[in-house]
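Dear colleague,

I am passing on the structure below, together with notes on one helix pair and on the salt bridges. Please read them alongside the model.

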Amino acid sequence: MNRREFAKLGRALLVATALTPMALTASPAFAEETIKVGILHSLSGTMAISETTLKDVMLMLIDQQNKKGGLLGKKLEAVVVDPASNWPLFAEKARDLLAKDKVAAVFGCWTSVSRKSVLPVFEELNGLLFYPVQYEGEESSKNVFYTGAAPNQQAIPAVNYLMSEEGGAVKRWVLAGTDYVYPRTTNKILEAYLKAKGVAPEDIMINYTPFGHSDWQTIVADIKKFGSTGKKTAVVSTINGDANVPFYKELGNQGVKAEDIPVVAFSVGEEEVDTPINAEFIKTWKTYIKNKKRVTNDPMEAHFIGFNMWVEAVKKAGTTDADAVGDAIIGVSVPNLSGGTSTMMPNHHITKPVLIGEIQADGQFQTVWQTSGTVAGDEWSDYLEDSKDLISDWRKPLSCGNFNVVTGKCGGQGS
Amino acid sequence: MRLWIAFMLAMVLLAARGHAAELATEIKALDTSNFAQKENAIAAIASTGDARVAAVMTALNDGTLLIRKSDRLIVIAEGKGTIRIENAATGEALGQAAEADLDKIAINNKIRRQSKVILGNLTLFSEDPAVRLKAADDIFRSRDLSALQPLKDALANEQDPRVKPALEQALAALTMMSDAPEAERLAAILAVKARGGQDAMSLLASAAQGSDAVARAAAEALAALEQTRSLWESMQNAVYGLSLGSVLLLAAIGLAITFGVMGIINMAHGEMVMIGAYVTFVVQDVIRSSAPSLFDYSLFIAIPLAFLLTALIGVAIERSIIRFLYGRPLETLLATWGLSLILQQGIRTIFGPTNREVGTPSWMSGSITLGEITLTANRLAIVVFAALIFAALLLLLRHTRFGLEMRAVTQNRQMASAMGIHTARVDALTFGLGSGIAGIAGVALSQIDNVSPNLGQSYIIDSFMVVVFGGVGNLWGTLVAAMTLGIANKFLEPFAGAVLGKILVLVFIILFIQKRPRGLFALKGRAVEA
């Protein structure tokens, strides 16, 4: 009797877990032929906090494009899957999208681990992935378009700003990050860069914490101690996900002020840049999501740019075939939200302006520094021994993601 | 002669009027987006020596120095919502303005520092001793030699016995850095050493470079202070360890009942903690919208509610699932694990996948400084709270009828039943108690962690670790285990880092369990065989 009831319960459990993904993949079915667009963002688990918004923004962009009449005379159809913040599941879901749903392009991933997990699948099945998040570089794939910032568009300018007189002439550096590939690689680049700029090794403190870390007492006390040697100190934070909240709380509670030890971060924050095109985007977004409080952020802009680039490339190529679109998209320029245009470069990274803002009490940013033009994303860092001789150029006839300019051969390092 | 005096007077008057005009003109230069121009403007403003300079600098630093869009007049704003503005240069009130009519003057770190230095020199002469004290401390830290003369002037006039030593120390700090005669600098080093603390150490460290007598004296003073500091550091580790230990204790103490006393492998324990945290969120939400004045008491309201709700859920779980699975640990594990997924998804459906913000009452914000140790108020409150819960639970188990029945049932079910104890009822209530305590823990943990559907998952492993390490079925064991693990973790963290530190603790526990499978405080007697 007991056993039977338990078995029943077990079955009920299985049904419950099986139902969830089904409910999530349900998407409007169109009678006529459509172009399918895959959306591969976690809707549950630790990364859901960040990625759910990106799914919504993609649905909005697709909706807008359909209102404009679709693409190549066909409607776009979103195929939403939930990889549940589970890195191997990302690869499985990507395979489903490409092999079963036959999507023309996929917009997705947030963490570098998830991107690394799907990379072989996209290369094997020749799919197109638009990756919208700032990342550590050291990668260039024929099948991936990196619309977020590379280190030279984010970490390096931020450090340069803090080193300058305006930024506070910082001499000592705390590189604090979550323990995974993005912070580790970024900090490796930053460390090499700082040393090249003449910063002594004892003036650099590197600290890693696990995902979801909540007890920041010791680390904040260490940062305070490190920062009280009389040399101006700053924290470069690559802390990712919700561990940021207790981190900033602890900093605030322990009385660490931005004037004493400023914290510069890339993984956190909502930004609002005062340009008409951004205002327009925010208005559409808030109407679409029916919530005035939802703010916009950097990966959202990256999807906005990436999606528009893909649309332009498909129009240019006249087909959604991956190779044709891949060739057509290089050189495509679309407006970005900072008031300029971004161009897809031959290395599959884009040009974007770099802005540094100070966060205000209301959660918005006040720009304190910005580049005069745009900066092209540099995939292979010039500051790492392994990668300084590598370049990536996916135009024919070179078509290589890791061309070594010294040896003149394709296939130096990485993929 | 008289004519000469009249002329002088006129000059003085003109100069005085010139001041006001000067500030009014200089301040206009702040209306630029170029930071370099702003710096020049600030230097010019400071050099006017106008009485309003302090007010202007303070406003600039606070972000309340704004530009009225209609006529580009620089104003100081006050208040939120309805903003009252006054002319920054003259202090003349200009009525109210809307936020949209005003432009902010952006500043960067360099300007912030510049205006702080100007303010520091001005506030040395403030009426308020507390402000003077702070100014002296600021100068001690900034080591800005331009403050030397104002500092000497201020010291000559200072009467307050609390402010005077601070000014003297600040003066010593500057003298030490200056090119004063060697004897003076040596004396200054002793004064700085007497002050002690981190700031003094960093000052001495920068003076210790070189090989002259002053540098040697500074190095000696530094070494002496270094010793005190390492003592403080160990104490800091111990205090932080206690704080982490009480978090572990809170998370584990409910499990010490459901797993430790009843022997149920309860994977849904973490979800009870999570539900407790969400109760806090809901209570605060209601308070925010209906009675904001009660916000500081929100946690006291949330605690009984969280206890009741999670205890009820616990009783319901025991009655509907667990009672059919007694004596079958593997099935219990699977069922409670499945339940934890259902509860997580349920919360996610109701409240959404994103984190919910739980506010901190004002009495739990900020920090307390003990010598060189800074302990934040919310963590201190949790230490106290964990101790209270532990004491209450101990009393309940030892000195109440329910506690007696509970121990009787867990030690020998048949015998307890033969003595007339309604064992099924006791089982349900015990599980409810364990769950309720987990719910209370959730209220406390909402103050230091993110309130998300995953909150429970991050504590379940730690909780099991504490209970197993401490010895199943023993509350004291749980206490000692939580504190040991907390302190060990905090002593390892500075050397090994947060990630490796945790791994080392886990390795230690694995080895320990090999040696003593029943944990620190093993139960003896017949209960063990049962």
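The axes of helix α10 (residues 213-261) of chain B and helix α17 (residues 423-445) of chain B come within 7 Å and cross at roughly 170 degrees, where axes are lines fitted to C-alpha atoms over the stretch in contact and angles run from 0 to 180 degrees between N-to-C directions; helices are DSSP runs (H or I, at least four residues) numbered from the N terminus. α10(B) is therefore roughly antiparallel to α17(B), a term for angles over 145 degrees. Their contact (heavy atoms within 4.5 Å) involves, among others, Leu250(B) and Ile257(B) of α10(B) and Phe431(B) and Ala438(B) of α17(B).

This is a predicted model, in which local features need pLDDT of at least 70 and side-chain atom pairs count only at pLDDT 80 or more, while totals for chains, interfaces and linings use all residues. Residues are numbered from 1 along each chain as its sequence is written, chains are lettered from A and ligands numbered from 1 in the order in which they are written, and side-chain values use heavy atoms, leaving out hydrogens and water.

Over all chains there are 36 salt bridges (a side-chain nitrogen of Lys or Arg within 4 Å of a carboxyl oxygen of Asp or Glu). One of them joins Asp56(A) to Lys55(A) at 3.2 Å, N to O, and both residues are buried, that is, under 20% relative accessible area with a 1.4 Å probe and protein chains only. A network of salt bridges links Asp215(A), Glu250(A), Arg379(B), Lys490(B) and Glu493(B).

How values were computed:
Helices (H or I, at least four residues) and strands (E, at least two) are DSSP runs, numbered from the N terminus. Angles under 35 degrees count as roughly parallel, over 145 as roughly antiparallel, 65 to 115 as roughly perpendicular and the rest as oblique. Buried means under 20% relative accessible area, exposed over 50%, partly exposed in between (1.4 Å probe, protein chains only).
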